[in-house]
Amino acid sequence: MTPERFIGPPPLLVGVLPDQHPEVLTAAAVLAAKLSAPLLCAYVDEASYLVEWDPGRSAHRLLLHPEKDDDELRAVTTGLRASIERVAANAGTGGVPVEWTLRTLAGDPGRALARLAAENNVPMIIVGTSERGLSHRLSELLNGSVGLWLTHHQSRPVLVVPYRVPAHQDSE
C-alpha cells in the first residue's frame, strides 16, 4: 500500500456512502477548502472481507482494499465520484475546486478508516451520524457506530457531522 501523494498539507479523511446525507461531504469539502487541504474520500465495502496475514503472530496486517471488482461496486464508486466531484467543485473559494481522491476499502468501516488515516497521516477523520429509523438503529446496535468506535480507538480528531433535523422537528 502506498499513501496518497498530495502536494501541500495532508488530506482530510472523509467517510462516504451512497445516498449519504449531503451535509457530511459538504462540511468536509468546505473545511478542506478553508484549510487549503485536499480530501481523501473513503468508501468501505462491508460486504468485502479483510485478508489477514500473521507472520509469527508478532504483527497483524490487514488488506484494506477489496479483492472483488464487480459491476455493483463499480456502479457505487461511479455514483460516489460524481457526488464528490459536484461538491468539491463548489466548495473552494474563488472558483478553485478542492483536490480529492476516492479510495475503496474493505471490512469493518471504523477499522478501515483508522488504518487509512494512519497510512496517510491525516490530521482529521470526518464521518456522518447514523441514519434515522428503526432499521438503522438495529444495524448500529449490531454493528456499532463508526464515529463512536473511531473516537475511542485512535488518536486523531474525529468530526461527526449530524444529519440536520432540528430536535423540535424530529418525529421520532
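Predicted model: local features only at pLDDT ≥ 70, side-chain atom pairs only at ≥ 80, totals over all residues.
At 22% relative accessibility, Glu119 counts as partly exposed, where buried means under 20% relative accessible area, exposed over 50%, and partly exposed in between, with a 1.4 Å probe and protein chains only. Residues are numbered from 1 along each chain as its sequence is written, and side-chain values use heavy atoms, with hydrogens and water left out.

**Salt bridges**

Glu119 pairs with Arg103 in a salt bridge, with 3.2 Å between the closest N and O atoms. The term stands for a side-chain nitrogen of Lys or Arg within 4 Å of a carboxyl oxygen of Asp or Glu. Arg103 sits in strand 5 (residues 100–106) and Glu119 in helix 3 (residues 109–120), so the pair ties together parts that are 16 residues apart in sequence. Helices (H or I, at least four residues) and strands (E, at least two) are DSSP runs, numbered from the N terminus.

The structure holds two salt bridges. The other partners are Asp108 and Arg111, at 3.5 Å from N to O. Asp108 is partly exposed at 29% relative accessibility, and Arg111 is partly exposed too, at 41%. As for the general idea, side chains of opposite charge can pair when their charged atoms come close.

**The chain as a whole**

Five helices and seven strands make up the element list, and from the N terminus on they run β-α-β-β-β-α-β-α-β-α-α-β. Of the 172 residues, 35% count as buried. Take contacts (heavy atoms within 4.5 Å) between residues at least 6 apart in sequence: 76% of them join residues at least 24 apart. The accessible surface comes to about 10,200 Å², and 54% of that belongs to carbon and sulfur atoms; areas come from the Shrake-Rupley method with a 1.4 Å probe, and for residues only the protein chains shown count as cover.

What sits inside? The largest nonpolar core has 23 residues, and Val14, Val16, Leu25, Leu39, Cys41, Val98 and Leu102 have the most contacts within it. Here a nonpolar core is a set of buried Ala, Val, Leu, Ile, Met, Phe, Trp, Tyr and Cys residues joined through side-chain atoms within 4.5 Å. Strand 1 (12–15), helix 1 (22–34), strand 2 (39–45) and helix 2 (71–91) each supply at least two of the residues of this core. There is also a second, separate core of 14 residues, including Ala112, Ala117, Ile125 and Leu150.

Cys41 is worth a click: leaving aside neighbours within four places in sequence, its contacts are Val14, Val16, Leu25, Ile84, Thr101, Leu102 and Arg103. Arg103 is the salt-bridge partner of Glu119.

Val44 is found in strand 2 and is buried, with a relative accessible area of 9%. Not counting residues up to four places away in sequence, Val44 touches Leu105, Ala106, Gly107, Asp108, Pro109, Ala112 and Leu113. Leu159, in strand 7 (residues 158–161), is partly exposed at 32%.

Two C-alpha pairs show how sequence and space compare:

| Pair | Apart in sequence | C-alpha to C-alpha |
|---|---|---|
| Val44 and Arg103 | 59 residues | 8.5 Å |
| Leu159 and Val127 | 32 residues | 6.4 Å |

**Loops with positive phi**

Most residues other than glycine have a negative phi. Asp19 is not a glycine, yet has a positive phi of about 60°. Asp19 lies in the loop between strand 1 and helix 1 and is exposed at 77% relative accessibility. Ser36 also has a positive phi, near 55°; its place is the loop between helix 1 and strand 2, and at 56% relative accessibility Ser36 counts as exposed.
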